[in-house]
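Take a look at the sequence and the model below. The paragraphs that follow go through the strands, a helix and the chain as a whole.

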Amino acid sequence: MRMHRVAPFAASMVLLGLLCTTPAAQAPIRIALPNLADSVKFVAIGDNGTGEKAQYEIGALMAQARELFPYDFVIMLGDNMYGSQRPSDFVKKFEAPYKTLLDAGVKFYAALGNHDKQENRFYKPWNMNGERYYTYTKKNVRFFVLDTDYLDRKQQDWIENELRSSDDEWKVVYFHHPLYSSGGRHGSEVDLREILEPLFIKYGVNAVFAGHDHIYERIKPQSDIYYFVSGSAGQLRRGDLKRSALTAAGYDQEQTFMLVEIDTDALAVQAIAKSGKTVDSASMPRQKRIPALPPISDR
Amino acid sequence: MTQRPPSKLLANISWLISILMACVLASVLTAAGQKKVNPTGAQVKAFLDRVNAYVEMKQKLEDGLTPVSPSDRTSGVEQHRTALAERIRAARRGARQGDLFGATAALFREIIVRDSRTRSARDTGAVLEEVPSRSEPAVNAVYPEGALLATVPPLILTNLPPLPDGLEYRFMGHALILRDRAANLVVDFVPGAIPTVR
């Protein structure tokens, strides 16, 4: 795998960033996941690209976690970059905070958020290959990445076709706007839900990750699908989690990121806060479902 | 008094009948040739024809520009955007509001107003929250740098005529705009399409 090269001045920036931002009272990370040899392991971050201290701290923790939980890719749930998005900002708001991971060959797969410039899909380290929505596979898991900032009919047709033609053991979809969220600022995106949820049910989606609300929340399974909001890997809206009937677990007092592990039978998640403490962990079985029938026109 | 021979009279009558039948046949054929059209469908088709003509023109203007491809730096994308925008502006000098939307503007307004009736004031407020409100759209103007590309509710998008690649609907102030993605330009807009939240 090609090692990612970071501009020389970025290296000094990251050093400066880390020196200035290493928190004094950070608990050592403990992995609460099965950590199996052949499982699919990854990190989920959302709303991260601030270029501020907290983003660097989370980046350092992600690197620390990887020493114990050897994941090789990160999914980015949108708002990967805030404010100015000139070439130099890609250093400050992405390459420097995650330098250790990039140097180690960890891949990032981004979804676009409402703060991201659409042309950032051409930024190679985000592995979008110039597309607003795309799909890729890791072992027995297929990932579907959507641009919920502009979900037109063409994209709806695309996701339906991709989901229908996938017989992968696990189907994971991620995008920026959450179908379910107890965030006070935004909450559940009902429009999106009306369009996407029937497809997710029909084609056996197992798990959905989103950001947008700057909190962490694990949603109680909805129609047998696991939903997560992980929108505080840089931004934080402290106190914005309005616990509701949807909430299985949540946290809104510090920035967080998620470790995720998928093997044949289960999906396990662990949310880690900026202080290093684990704020949630859970294991969920793979859903037992009857395969969806093909549409009448295809029979 | 002289009488016309009956054969000549019959010939005249049959001549008249032939003319009458020809007239009837002609009018029937003319009516059949005039296809009745659905006025809304015709408006939307005309709009999409204009949109496609724009896309065709843009494709020609892109000739000679370095195509955008994934890269470690996004400066190439910026250069492409700037150069393309300059060419489009030059080619569309004199373009006016309504050139593409034309008579469909009323239809677009109607679709959005109908959608807003299904939403609570809070929901509509949330939709409009991130819409750039300080800038007035203008044809050939750059979509404001740094402004959010406010999410267009997917249920509205589903009801609007689908656009070819490279063009998208967005909200700006109270207008619905047609935005060229690669050039970041306002191609046309429908003023007053977004209802005021009370």
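Two strands count as paired if DSSP finds at least two bridges between them. Strand β11 (residues 256-262) and strand β12 (residues 266-273) of chain A, in this predicted model, are joined by seven bridges and run antiparallel. One position to look at in this pair is A:Phe257, which has A:Ile272 of β12(A) opposite.

This pair belongs to an open sheet of six strands in chain A, with mixed pairing and the order β3-β2-β1-β11-β12-β13. The edges are taken by β3 (107-110) and β13 (278-285) of chain A; each has a single partner strand, so one side of each lacks a neighbour in the sheet. From one strand to the next, the twist averages 20°. In general, strands of a sheet pair through backbone hydrogen bonds, in either parallel or antiparallel fashion.

Buried residues in α2(A) include A:Ala54, A:Tyr56, A:Ile58, A:Leu61 and A:Met62. Among the buried residues of this helix are also A:Gln55, A:Glu57 and A:Arg66.

Now the whole chain. Chain A has six helices and 13 strands. Of its 299 residues, 51% are buried. Among contacts in chain A with a separation of 6 or more, 72% are between residues 24 or more positions apart.

Definitions and conventions. Residues are numbered from 1 along each chain as its sequence is written. Chains are lettered from A and ligands numbered from 1 in the order in which they are written. This is a predicted model: local features need pLDDT of at least 70, side-chain atom pairs count only at pLDDT 80 or more; totals for chains, interfaces and linings use all residues. Helices (H or I, at least four residues) and strands (E, at least two) are DSSP runs, numbered from the N terminus. A residue is buried if 20 or more other C-beta atoms lie within 10 Å of its own, exposed if 12 or fewer, and partly exposed in between; C-beta atoms are placed from the backbone. Two residues are in contact if their C-beta atoms, placed from the backbone, lie within 7 Å. Axes are lines fitted to C-alpha atoms, for helices over the stretch in contact, and angles run from 0 to 180 degrees between N-to-C directions.
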